[in-house]
Amino acid sequence: FMKTEANYVKILSITQKVYVHVMLNECKIDQNLLKEMFPDLDRLIELHRSMLDQLLERYKLSQHKYIESIGDILSNIVSFEIFLISLCIKNKFISF
């Protein structure tokens, strides 16, 4: 689970650095349009980095080679994820 979360944080960071940065600075795409295409990307990265840090800390404190409980960590992000889902549903750049 931690490897998956670490990979997801990398993907989000790459998206921000490569796509958003290049689209804004080199392609001169309007910043408001980018915000619509990538809503709350900074906040999403921060959230998942925080979750990864909490998982790593819990792993370090564990006496085993696994984390026994992550429910409290996951509950911290549920409301934000629901918010993101609602943004995605309203986003004209995403089709279902």
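**View 1. Surface and overall make-up of the predicted model.** The protein exposes about 7,200 Å², of which carbon and sulfur atoms supply 58%; accessible areas come from the Shrake-Rupley method with a 1.4 Å probe, and for residues only the protein chains shown count as cover. This is a predicted model, in which local features need pLDDT of at least 70 and side-chain atom pairs count only at pLDDT 80 or more, while totals for chains, interfaces and linings use all residues. Residues are numbered from 1 along each chain as its sequence is written, and side-chain values use heavy atoms, with hydrogens and water left out. The protein has 4 helices and 0 strands, counted as DSSP runs numbered from the N terminus (helices: H or I, at least four residues; strands: E, at least two). Buried residues make up 23% of the 96 residues; buried means under 20% relative accessible area, exposed over 50%, and partly exposed in between (1.4 Å probe, protein chains only).

**View 2. Helix α3, residues 41-61.** Helix α3 has 21 residues and reaches 30 Å from its first C-alpha to its last, close to the 30 Å expected at 1.5 Å a residue; the expected span is 1.5 Å times one less than the number of residues. The buried residues of α3 are Leu41, Leu44, Ile45, Leu47, His48, Met51, Leu52 and Leu55. Seen down the axis of α3, these buried residues fall within an arc of 165 degrees, so they line one face of the helix; the arc is that of the directions from the helix axis to the C-beta atoms. The face turned away from the buried side carries the exposed residues Asp42, Glu46, Asp53, Lys60 and Leu61.

**View 3. Gln16 and its contacts.** Gln16 lies in helix α1 (residues 2-25) and is partly exposed, with a relative accessible area of 25%. Not counting residues up to four places away in sequence, Gln16 touches His21, Leu41, Asp42 and Ile45; contact means heavy atoms within 4.5 Å. Gln16 and Leu41 are 25 residues apart in sequence and 7.3 Å apart in space, C-alpha to C-alpha.

**View 4. The largest pocket.** The largest pocket has a volume of about 240 Å³. Its lining includes Gln16, Val20, Phe38, Pro39 and Leu41. The elements that give two or more residues to this lining are α1, α2 (31-37) and α3. Helix α1 gives the most, with 4 residues. On a 1 Å grid over the protein atoms alone, a pocket is an open set of points where a 1.4 Å probe fits, with protein on both sides within 12 Å along at least five of seven lines; lining residues have an atom within 4 Å of a point. Grid points are joined across faces, edges and corners, and a volume is the space filled by probe spheres set on the points.
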